Amino acid sequence: MAKSLDELLDEVESKFCRPDPLNLGKVERPRGCGGGILSNDWNSAEAKDNLRSTETFKKEDDLDSLINEIFEEPNFDKKPFKLKSKSSGNTSVRASIQGLGKSCSPVYLGGSTAPGGIGTTTSQRACDHLRCIACDFWVVSYDDYMWDKSCDYLFFRNNMPEFHKLKTKLVKKKGTRAYACQCSWRTVEELTDLQTDHELRWVCGKH
């Protein structure tokens with residue numbers, strides 16, 4: 001009987017008191033906390049999964065932030081500008097175009113009584129923006145003056161366009177206008193079409 005009792009105790013001790021080699025990696029939790037046996041390997045795998053999920057969510061958040069930054073319209077603190085009314089804008093542009101780059105047609109020369117400006121067939125005005133295509137000088141003019149008969153090419157070549165030098169050859173005469181570039185000169189009393197003087201290489205320099 002005693003032998004049977006010892007064998008029974010050994011069996012109980014071997015089952016409940018000695019560690020089971022199959023359960024060495026497991027930890028027994030207190031029954032009051034829900035009970036059951038947890039595996040260390042399972043805990044480690046669960047922790048890795050949680051960490052991997054956290055990193056995945058973080059990468060997704062970073063990617064979303066980067067996409068939002070790319071598509072977000074940058075702010076350069078630009079001041080808003082107001083568009084002018086279509087009618088006023090067109091009017092100002094049209095006026096600018098009309099006021100620039102117009103040439104006389106035909107080109108007129110005239111005495112001091114002839115008004116200056118853009119000459120046309122209907123508005124006969126003496127061109128006041130002449131340029132010589134031979135010497136590439138702007139043509140100067142002096143109202144109520146005429147050139148002295150002693151003027152020559154070298155005089156204008158050496159003295160253009162300084163008035164204090166040119167005036168030595170200018171003679172006062174009412175109603176006339178003295179024109180000159182570096183290579184040519186004329187005294188005009190009446191409105192004259194420039195095309196009638198074939199020696200002059202003067203053209204309208206546009207207004």
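Mentor: The secondary structure of this predicted model comes to five helices and nine strands. Read from the N terminus, the order of elements is α-β-β-α-α-β-β-β-α-α-β-β-β-β. Of the 207 residues in the protein chain, 21% count as buried. The accessible surface comes to about 16100 Å², and carbon and sulfur atoms hold 54% of that. Among contacts between residues at least 6 apart in sequence, 56% join residues at least 24 apart.

Now the peptide bonds. Ser105 and Pro106 are joined by a cis peptide bond, with omega about 0°. Pro106 belongs to the loop that runs between helix H3 (86-99) and strand S3 (108-109). Another cis bond links Met160 to Pro161, and there omega is about -5°. The loop holding Pro161 lies between helix H4 (153-159) and helix H5 (163-166).

The phi angles come next. Asp136 is a residue other than glycine, yet its phi is positive, near 60°. This aspartate is placed in the loop between strand S4 (130-132) and strand S5 (140-147). Lys206, also not a glycine, has a positive phi of about 70°. Its place is in the segment after strand S9 (202-204). Is Lys206 buried, exposed or partly exposed? The relative accessible area of Lys206 is 46%; buried would require under 20% and exposed over 50%, so Lys206 counts as partly exposed.

Definitions and conventions:
Residues numbered from 1 in each chain as written. Predicted model: local features only at pLDDT ≥ 70, side-chain atom pairs only at ≥ 80, totals over all residues. Heavy atoms only, no water. Helix = DSSP H or I, 4+ residues; strand = E, 2+ residues; numbered from the N terminus. Buried < 20%, exposed > 50% of the residue type's maximum accessible area, 1.4 Å probe, protein only. Contact = heavy atoms within 4.5 Å. Areas by Shrake-Rupley, 256 points an atom, 1.4 Å probe, with all protein chains shown as cover.
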